[in-house]
Amino acid sequence: MSTNSYNYSNKFRNMSPENFKVWIAWKHIAMGKTHCPTCLRLDKCWFSKTAMPDLPQHKYCHCTTTPKSCLTVQKHATANSEYSKYDPYLFDPKNEYKHGKDKLFNLWGYTIEDSHWLKSEIEQQALEKYVAGQYTLNKLNSNGQRINIIIRIPRKDKSGDITFTTGW
């Protein structure tokens, strides 16, 4: 997750201790002359103990985890997505990407003019759900650990909500 200035500490103030997730920080430990690129990408990443990558990652893995305070995660976790993920990528005005996502969002009543709102809403929900440990692991490779977070937004074309999975 990336930077966002929204402070969630008040949101969690009245939660009982059993509702807090147990968090860990991944620590890459190098033994020898080589480093695993995948393990290096996990170094210093924070995961809910219930949704973390396998440890060990491979036969010669020396990585470990250290406890991370839930309050630290709440205070410092952030979610950022580039505006270009919405305009032009999501709405694809020049039909360059050909992924079809623009057709779905248009069907739900959204247009390219909604890009700023969508960016803000998706970032806010992603951060809240990440901090609550409401994510699933996806692909892990030399680019790092991808996580999936389900987002719910209202339809603009008629009543009701739609949900979709976002990748972080």
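Two strands pair if DSSP finds at least two bridges between them. With that criterion in place, the following legends describe close-up views of a predicted model.

**Figure 1. Overall arrangement of the predicted model.** The protein contains six helices and six strands. Read from the N terminus, these elements follow the order α-β-α-β-β-α-α-α-α-β-β-β. The chain has 168 residues, of which 33% count as buried. Among contacts in the protein with a separation of 6 or more, 60% are between residues 24 or more positions apart.

**Figure 2. Pairing of β4 with β5.** The strands β4 and β5 are antiparallel partners, and four bridges connect them. Within this pair, L140 has Q145 of β5 as its bridge partner.

Figure 3. The antiparallel strands β5 and β6 are joined by seven bridges. One of the residue pairs is formed by R152 and its bridge partner T163 in β6.

**Figure 4. The largest nonpolar core.** In soluble globular proteins, nonpolar side chains tend to be buried together. The largest nonpolar core of this model has 33 residues, and the members touching the most others are F105, L118, Y130, Y135, I153 and F164. Two or more residues each come from β1 (23–27), α2 (37–42), α3 (70–76), α4, α6 (115–131), β5 (144–154) and β6 (161–167). Helix α6 gives the most to this core, namely six residues.

**Figure 5. Surroundings of Y135.** Y135 is one of the core residues that touch the most other members. When residues up to four places away in sequence are not counted, Y135 touches W23, F47, S48, A51, Y130, I147, N148 and I149.

**Figure 6. The salt bridge between E123 and K119 in helix α6.** Side chains of opposite charge can pair when their charged atoms come close. In the salt bridge of E123 with K119, the closest N and O atoms are 2.7 Å apart. The two residues lie four residues apart in helix α6, so about one helical turn separates E123 from K119. E123 is buried, as its relative accessible area is 7%. K119 is also buried, with a relative accessible area of 18%.

Figure 7. K44 pairs with D43, and their closest N and O atoms are 3.6 Å apart. K44 counts as exposed because its relative accessibility is 64%, whereas D43 is partly exposed, with a relative accessible area of 24%. The side chain of R155 meets that of D157 in a salt bridge with an N to O distance of 2.8 Å. D157 is partly exposed, its relative accessible area being 37%.

**Figure 8. D92, a buried acidic residue without a salt bridge.** D92 lies in the loop between α4 (86–90) and α5 (101–107). This residue is buried but has no salt bridge, and the nearest side chain of opposite charge is that of K98, 6.4 Å away. A salt bridge requires a side-chain nitrogen of Lys or Arg within 4 Å of a carboxyl oxygen of Asp or Glu; therefore K98, at 6.4 Å, does not form a salt bridge with D92. Beyond its neighbours within four places in sequence, D92 is in contact with Y97, K98, H99 and D102.

**Figure 9. P56 in the loop between β2 and β3.** P56 is found in the loop that runs between β2 (46–48) and β3 (64–68). P56 is exposed, with a relative accessible area of 53%. C39 is 17 residues from P56 along the chain, and the C-alpha atoms of these two residues are separated by 9.6 Å.

Notes. Residues are numbered from 1 along each chain as its sequence is written. This is a predicted model: local features need pLDDT of at least 70, side-chain atom pairs count only at pLDDT 80 or more; totals for chains, interfaces and linings use all residues. Side-chain values use heavy atoms; hydrogens and water are left out. Buried means under 20% relative accessible area, exposed over 50%, partly exposed in between (1.4 Å probe, protein chains only). Lys and Arg count as positive and Asp and Glu as negative; His and the chain ends are not counted. Contact means heavy atoms within 4.5 Å. A nonpolar core is a set of buried Ala, Val, Leu, Ile, Met, Phe, Trp, Tyr and Cys residues joined through side-chain atoms within 4.5 Å.
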